[in-house]
Structures are given as C-alpha cells and as structure tokens.
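Please keep the sequence and the model in view while reading.

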Amino acid sequence: MPAYTTRMPAGIPGDVTRPSQATIETGIFNSAAAFAGYGLFGKLSSNKFVPVGSGDAASACYGVLVRPYPVTGANASDPLGTAVPPTTGAADILRRGYINVKNNSGTPAAGGQVYIRVAAAAAGKPIGGIEAAADGSNTIAPSNCIFTGSADSSGNVEIAFNI
C-alpha cells in the first residue's frame with residue numbers, strides 16, 4: 001500500500017466524483033471524431049457525441065466524457081487514467097455534476113473559471129481539454145463550469161458542471 005507524504009491523488013480523469021449529484025446520459029460515439037481521453041468536453045453533432053472544436057461557442061458544450069468501469073481497450077490497465085476511449089459504441093456523458101478532469105494549463109482554484117480548448121491542440125493540450133487559463137480564441141469559457149479546488153501534482157482536479 002503506497003504512503004502519501006503530501007496529498008492523495010485527486011482522482012482519475014473522467015471519474016464522476018459525487019455520483020449522488022450526477023446526471024449521466026448515454027450517447028453514441030462518432031468514429032470519425034475520436035476523443036483523446038476521458039474527462040474531455042464534447043458536443044452533439046448529427047446525434048453523435050464528438051469533441052468540441054474550432055469555432056464552437058461555450059453553449060455547444062453538451063457534457064463531459066465519463067470514464068466507464070471497468071475500462072476496456074487500449075491502456076485499460078493504466079491506473080493513472082490514460083486509457084483511450086473507444087471510437088464506436090456507447091458513450092457515458094456527464095450532463096450535470098462533479099467530475100475529475102486533467103488540468104492542462106494554468107493553476108486551478110476553488111470557484112475559478114474552467115476553460116475548454118477548442119483550437120490549436122498541442123502536446124498535453126487536447127481539443128476538449130480543461131485549462132485554468134484563457135488562451136484567446138483557442139479556449140471557450142462556459143458560464144456553468146467551475147473548479148472546486150486545486151489540482152494534485154499530476155494536474156487532476158474536480159470540476160462542477162451545470163450545478
């Protein structure tokens with residue numbers, strides 16, 4: 001059993017942190033528009049759940065891709081949450097609630113605005129990913145999404161969406 005000398009990990013990206021407060025829907029993936037990981041924002045396009053992208057407004061954010069249990073597929077056994085979501089089949093979508101995500105830029109703080117990357121993806125900054133700092137037209141800021149605290153040493157942090 002590991003010993004934590006500073007702080008326990010905040011969680012795994014895509015894990016719902018307060019299930020009793022969550023509303024989760026089932027959607028369908030679009031194989032032509034794959035998600036880079038769990039805990040990323042998506043939108044509905046032709047009745048399929050796809051990552052948000054360039055030109056999308058904050059109002060396009062439909063929900064957050066939830067990490068299922070058990071996880072199957074590529075890297076499924078990785079305890080750090082780097083499992084790759086499937087490109088077909090059913091997707092679990094958090095429509096309202098609290099979820100753990102990976103913060104890719106900036107320093108999250110309780111009550112701080114969540115920004116979602118919609119353009120200029122880079123290493124460690126996927127489309128649909130979460131950031132604590134605005135990046136011009138490359139990020140959008142939904143009015144109904146905030147950080148609930150600070151991130152752990154891996155950048156994992158809880159957000160509140162549609163609460």
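Does Phe35 count as buried or exposed? At 4% relative accessibility, Phe35 counts as buried, where buried means under 20% relative accessible area, exposed over 50% and partly exposed in between, with a 1.4 Å probe and protein chains only. The model is a predicted one, in which local features need pLDDT of at least 70 and side-chain atom pairs count only at pLDDT 80 or more, whereas totals for chains, interfaces and linings use all residues. Residues are numbered from 1 along each chain as its sequence is written, and side-chain values use heavy atoms, with hydrogens and water left out.

Phe49 is likewise buried, with a relative accessible area of 0%. Rings of Phe, Tyr and Trp (for Trp, the six-membered ring) pair if their centres lie within 6.5 Å; planes under 30 degrees apart count as stacked, over 60 as edge-to-face and the rest as tilted. The count by this rule is 3 aromatic pairs. In one of them, the ring centres of Phe35 and Phe49 are 5.1 Å apart and the planes stand at 25°, so this pair is stacked. It links distant parts of the chain, 14 residues apart: Phe35 belongs to the loop between β1 (23-28) and β2 (41-45), and Phe49 to strand β3 (residues 48-51). Helices (H or I, at least four residues) and strands (E, at least two) are DSSP runs, numbered from the N terminus. Together with Phe29, Phe35 and Phe49 form one aromatic cluster.

The rings of Phe41 and Phe161 also have centres 5.1 Å apart, but their planes are at 80°, so the pair is edge-to-face. Here the partners are 120 residues apart, with Phe41 in strand β2 and Phe161 in strand β10. Both Phe41 and Phe161 are buried.

In soluble globular proteins, nonpolar side chains tend to be buried together. A nonpolar core is a set of buried Ala, Val, Leu, Ile, Met, Phe, Trp, Tyr and Cys residues joined through side-chain atoms within 4.5 Å. The largest such core has 19 residues, and those with the most contacts inside it are Phe41, Ile99, Val114, Ile116, Ile130, Phe147 and Ile159. At least two residues of this core come from each of β5 (90-102), β9 (145-147) and β10 (156-161). Another core, of 10 residues, lies apart from it and includes Tyr62, Leu65, Ala83 and Ala91.

Strand β5 has several partners, two strands being paired if DSSP finds at least two bridges between them. β5 pairs with β1 in the antiparallel sense over 6 bridges, and Thr26 has Asp92 in β5 as its bridge partner. Strand β4 (residues 63-65) runs antiparallel to β5 and is joined to it by 2 bridges, with Val64 opposite Leu94. A further 6 bridges join β5 to β10, again antiparallel; there, Asn100 stands opposite Glu158. Beyond its neighbours within four places in sequence, Ile99 is in contact (heavy atoms within 4.5 Å) with residues including Val16, Val64, Leu94 and Ile159.

A separate topic is the open sheet of 3 strands, which has the order β7-β6-β8 and antiparallel pairing. β7 (130-131) and β8 (139-140) stand at the edges with a single partner strand each, so one side of each lacks a neighbour in the sheet. Strand β6 (residues 115-117) pairs with β7 over 2 bridges, and Tyr115 has Glu131 in β7 as its bridge partner.
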